[in-house]
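The sequence and structure are shown first.

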Amino acid sequence: MNTRTVHGLAVIALFMSACATKPPPPLPPHPEVVSLLRKVQSIAILAPQVEYTRIVFTGENERLPLMEKNISETLLSEFESTIGGQYTIRKPPEDQPEERKREMEFEVQQLRAAFATRVKMSSAEEEEKPTTRTRVTVGTAATALATRFDADAILLSRYSGFQKSGGQKAKDIMAGAVLGVVHAAEGGIVEVALIDGTTGELLWMARGVHARFPAGARSTRPTTARGAVGMALAGFPPKEAAAAATRAAATVPESAAKSPAEPLQKTATQPQGKE
Amino acid sequence: MARRLAGFAPVPLLLILAACSTTPAPLTSDAASYGVDPDEKLLLKRATALDDEVRKKGLLFTSSDVDAYVNEVGKRLVPASAASAVNFRFYVLREPLVNAFALPNGSIYVNVGLLARLENEAQLAQVLGHEVAHVVKRHSLDRQRSRRNTMIVANIADIALFGTSIAYLPAVGALAGQSRENEAEADRSGLEYMSAAGYPLAEADKLFALIREVAPRESVWGSIYSSHPDNQDRAARASEYIRSAKLAVNPGAPARVEQYLKVRYEVALENIRLKLNVRQYQLAINSADSALVHSPKSAWLHYYRGEAYREMAEDPIGAAREQAWISGRDSDKEAVSQFRGKKQALLATATRSFQDALALDEGFAEGYRGLGLVAWANGDAPGARTSLKQYLDRGKEIKDRRYIENILGRLDKP
């Protein structure tokens, strides 16, 4: 299998490995993203929500807390180094009482919930009538946090990844040999969203993925979580012309998220010309 | 190829093991073996991790009164022999879905969405008794032995949703999801505990009736707290069991309505706040109306009711989607235009609710916020300016100061 084919299948196999639901593509940027970003001086980078799981053949999958901690630190450091050069980074005070920390964490969860609700709704609208710009607001869930951090905008992020055990990899190889595809042995996806702290509007959203394949199969996709962040932030801050393209580039092929029971050969015919 | 096939070698062995697995003995008859089995050890480890995650994410409702009350009621239901083996703890979760669940380590969670629906302590006892039974009967272990873990699938399926306050649910499903047989057994045992604790079993019927009224999307699909078809005959099965097992029905015992309503008020406020956050306007209105029956003098309840109407007026697409979501239909343009057409009426209702709140407490800052935002939506700049400034002047901790000041800034522009 050549590099080109494997590359095209990277995202596909990532989702085929563990996902039965099609993830909606990132929403288009705010119509005035460029001018609004000019007013942003400070950004609160919220701790990413990280889930990392070891998939084992028997199904006794387990979360790997140490790995999650490492990935969380990597993501934060990547966000800070990329965004910190252009904006002032705001962080929560470290000496907060436990109760206040928990309350803040709950506000973050509320923001995630409000954002998820909006993304779901807007994605359905996008599917019916695709646009290159969209206005999406999460309301006061964002402004409360922005007030707390004294930040002009909030960077919300999430990462979900996996690694497979030897038994699971062997099973994938067997299935792949029959169906003619290669499954990722490990991988992940990172999503970032920048939300205006004053209005609660989504300014910009992007996604990056990484995948590592068994020996012999090469891919030009990033192989680490750090690489996935680089991919997601490649278009940040968005320029007028580039903003519209962000969404198209990050869209997961529809076939990528179908049930694992779908014939995999179909996915190999997806357009692969964006290398 | 031989090496590749080696990965499949455990399959026959697993099938044999699955076939040979036995139902674990309940804690009431074999407390000594609790936590010894490797499967159960793993479950307990995961349950503790989930407890930590829920706490760390601030998902626990931390009112000391509510917490103490729920624990007092819950502990009264635990059979003594099980209490010596497991440290039962009862938590209230800041989650608007109508649901409750038990983890194998004795942690029992009940959502504010469910607590806000109940009418008295006896009904709470039945809910908690049911969940206690899952732990006592070791249902998680039983389930673990008979199915594969689905945690990873659920986690990654949620990938594009940025997580939610219910991000714990996939893990909960893996630890606390139960078979229909186990649910039926928990219903029976729950009634036994409820009876032994002296609660009137007549409340069981009422609880099942309440659950039948829960809108499909208000609960976890297929759960015993939903109006799932399988749940329709639970009441009949419960009545039959009460008769056949000759349980004491405690006919004269009080259902303890007053005690329950004291804590339900706080829970109801949280439930409405959470619903508004995820744009469940109609459900928030329903909850506010229901809570106002018992607490008509609460300025907060009037305020949240007003907020639900105001937000509904300003978000016709969201309101139409919620309406469709509740009724299980697709949202359509006609519904959106209907909500658009009702904008003034909705804003007028919101205004009346904010005025009701201020009539009860003229220093109630949020009431001015509501009036200011309605005025803003109506294009009444002077009215908006006056009310929003009053809000900022009177409020103690203005969480949305940035948002309000931005509006004031726009109003001040010529």
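## Accessible surface and burial

In this predicted model, the accessible surface of chain A is about 11,300 Å². Carbon and sulfur atoms contribute 53% of that surface. Of the 275 residues in chain A, 56% are buried, where buried denotes a relative accessible area under 20%.

## Secondary structure and contacts

Chain A contains eight helices and seven strands. Among its contacts with a separation of 6 or more, 79% are between residues 24 or more positions apart.

## Strand E6 and its two partners

Strand E6 of chain A spans residues 186-196. It is mostly covered, with 10 of its 11 residues buried.

Strand E5 (residues 153-164) of chain A pairs with E6(A) in the antiparallel sense, and 11 bridges join the two. One of the residue pairs involved is A:Phe162 with A:Gly187, the latter lying in E6(A). E6(A) also pairs with strand E7 (residues 202-212) of chain A, again in the antiparallel sense, over 10 bridges. Here A:Leu194 has A:Trp204 in E7(A) as its bridge partner.

In a regular strand, side chains alternate between the two faces of the sheet.

## The turn between E6 and E7

E6(A) and E7(A) form a hairpin, with five residues between the two strands. Within the turn, A:Gly200 has a positive phi of about 80°. The mostly covered strand E6 of chain A is thus paired with E5(A) and with its hairpin partner E7(A).

How values were computed. Residues numbered from 1 in each chain as written. Chains lettered and ligands numbered in written order. Predicted model: local features only at pLDDT ≥ 70, side-chain atom pairs only at ≥ 80, totals over all residues. Heavy atoms only, no water. Helix = DSSP H or I, 4+ residues; strand = E, 2+ residues; numbered from the N terminus. Buried < 20%, exposed > 50% of the residue type's maximum accessible area, 1.4 Å probe, protein only. Contact = heavy atoms within 4.5 Å. Areas by Shrake-Rupley, 256 points an atom, 1.4 Å probe, with all protein chains shown as cover. Pairing = 2+ DSSP bridges.
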